[in-house]
Amino acid sequence: MPILKEFRENARRSILVGGDIDEKLVHRLTPEICRLRSESSDPITVYINSRGGFTVCAEQIRALLTTPDQEGRLCRVVTVATSRADSAAARLLALGDYAIAYPSAAIHCHGSRLSDEEITSDKAEFLAASLKKSNDEFALRLARRIFARMAFHFANLRGTFEDIRKSTREQGKAINSDLECFAFAIHEKLSSDFRKLPQSAFFQHELLVEMSHFIFGKLKFSEKDPWAKTEVKLLKLLLDFELRKRGSKTWSLSDGGIDDLSLDFKSLADYLFGPHKKELEEHLKSFGVLFLKPEVMVEFKQRREEGHHRANELLEDKAKPIVEPMWYFVVSLCRLLQNGEYGLTAKDAYSGGRLRSWGAPRGQVTSRRRFVETLSVTGP
């Protein structure tokens with residue numbers, strides 16, 4: 001079956017990213033990559049056994065692999081972690097069109113890094129802002145890459161959702177939405193060190209939904225008002241939400257509350273208007289069908305035969321309410337990955353597990369472990 005080559009490693013059309021990822025490696029791999037691209041548009045396998053190196057060099061290698069030829073043809077990239085994929089090598093692995101990790105492979109990931117011998121207070125603020133910007137940009141880039149993989153995970157795991165609801169009810173926990181079932185299923189497939197990540201991403205989404213419902217149930221818009229005035233109204237309502245949520249006896253602006261308020265304001269603004277919103281319609285169009293229930297899928301196929309427009313209407317009605325929170329969940333997950341660092345095995349990337357308790361975390365989300373940006377490090 002020709003399609004299988006899109007999802008399989010091929011040693012005959014491969015390169016090895018081994019040792020340090022630096023300019024020497026780029027120079028050595030450039031003619032190899034150009035030769036493979038000129039010979040055929042078949043997928044190129046990138047075997048990875050590296051402790052990392054310079055991110056810019058990893059990007060140069062990826063650019064060589066993904067640049068179209070003069071006829072516009074592209075080579076699909078299959079990345080394979082054979083022994084180690086650390087730092088920049090882990091990024092290269094995660095950004096493959098299809099990612100595979102050998103069972104004994106180890107993956108070590110972390111957010112962006114900068115170094116400087118002398119750091120003043122002003123320079124520290126600049127570096128912090130630069131790192132945050134770099135992490136946010138890569139998180140969104142990573143989310144775009146892994147959303148298709150997560151959509152397939154959702155479709156594969158959907159059959160377990162009712163069992164999850166039943167089992168958690170027996171434990172005294174209530175899991176209702178498909179998104180929470182999915183987050184729980186992913187949570188259960190990770191080792192204990194990583195379980196807080198999907199949990200934290202889900203409850204962060206739930207908090208923002210609760211926050212937006214509270215605020216927009218009270219906020220009165222006027223098209224005549226400048227946006228700054230609307231933001232002030234929003235900020236006042238957000239302060240009311242914080243007081244109600246945290247309790248006036250244990251929370252105050254002077255004791256860290258102003259930082260909480262600032263963070264929640266930025267998070268809410270991002271949730272409502274952030275750059276990730278531009279991606280939603282494309283994801284709905286490309287992967288919305290994977291979120292349809294079997295009975296709705298029958299109707300979708302009938303509508304598609306009758307006309308493309310009617311099928312899109314059904315996606316908008318039935319799939320978007322699931323795709324939209326799912327997309328933000330993936331974005332949140334990728335952002336969590338960019339804070340802190342952690343080493344993981346291939347089994348952590350995709351492994352089964354038994355049911356455990358599931359409940360909202362207390363206080364602020366503090367887990368900053370690196371997930372398997374490759375929750376997709378798997379194969380059909």
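This is a predicted model: local features need pLDDT of at least 70, side-chain atom pairs count only at pLDDT 80 or more; totals for chains, interfaces and linings use all residues.

Colleague: How many aromatic pairs does the structure hold?

Modeller: The structure holds 12 aromatic pairs. One of them joins Phe-182 and Phe-329 in an edge-to-face arrangement, with 6.2 Å from centre to centre and 75° between the planes. The term edge-to-face applies because planes over 60 degrees apart are classed that way.

Colleague: Which parts of the chain does the pair of Phe-182 and Phe-329 tie together?

Modeller: Phe-182 belongs to helix 6 (residues 178–188) and Phe-329 to helix 12 (residues 308–337), so the pair links parts that are 147 residues apart in sequence. Both rings also belong to one aromatic cluster, formed by Phe-147, Phe-154, Phe-161, Phe-182, Phe-287, Phe-291, Trp-327 and Phe-329.

Colleague: Is Phe-182 buried or exposed, and is Phe-329 buried or exposed?

Modeller: A residue is called buried when its relative accessible area is under 20%. Phe-182 has 0% relative accessibility and therefore counts as buried. Phe-329 is likewise buried, with a relative accessible area of 0%.

Colleague: How should I then read the nonpolar core?

Modeller: The general idea is that nonpolar side chains tend to be buried together in soluble globular proteins. In this model, the largest nonpolar core has 52 residues, of which Phe-182, Phe-291, Met-326, Phe-329 and Val-330 touch the most other members. Several helices each supply at least two residues of this core, among them helix 4 (121–157), helix 5 (161–170), helix 10 (280–287) and helix 11 (294–306). Helix 12 provides the largest share, 15 residues.

Colleague: Which residues form a nonpolar patch on the surface?

Modeller: Phe-216, Phe-221, Trp-227 and Phe-273 form such a patch, with about 450 Å² of accessible area together. Phe-216 is found in helix 7 (residues 196–216). At 31% relative accessibility, Phe-216 counts as partly exposed.

Colleague: Where does Ala-269 lie, and is it buried or partly exposed?

Modeller: Ala-269 is part of helix 9 (residues 257–273). Its relative accessible area is 29%, so Ala-269 is partly exposed. The C-alpha atoms of Ala-269 and Ser-212 are separated by 9.8 Å, while these residues are 57 residues apart along the chain.

Colleague: Finally, over which ring does the charged end of Arg-76 sit?

Modeller: The charged end of Arg-76 sits over the ring of Phe-7, at 4.9 Å from the ring centre.

How values were computed:
Residues are numbered from 1 along each chain as its sequence is written. Side-chain values use heavy atoms; hydrogens and water are left out. Rings of Phe, Tyr and Trp (its six-membered ring) pair if their centres lie within 6.5 Å; planes under 30 degrees apart count as stacked, over 60 as edge-to-face and the rest as tilted. Helices (H or I, at least four residues) and strands (E, at least two) are DSSP runs, numbered from the N terminus. Buried means under 20% relative accessible area, exposed over 50%, partly exposed in between (1.4 Å probe, protein chains only). A charge sits over a ring if NZ of Lys or CZ of Arg is within 6 Å of the ring centre and within 35 degrees of the ring normal. Patches are made of residues with over 30% relative accessible area and no salt bridge: like charges are joined within 9 Å, nonpolar side chains (Val, Leu, Ile, Met, Phe, Trp, Tyr) within 5 Å. Accessible areas come from the Shrake-Rupley method with a 1.4 Å probe; for residues, only the protein chains shown count as cover. A salt bridge is a side-chain nitrogen of Lys or Arg within 4 Å of a carboxyl oxygen of Asp or Glu. A nonpolar core is a set of buried Ala, Val, Leu, Ile, Met, Phe, Trp, Tyr and Cys residues joined through side-chain atoms within 4.5 Å.
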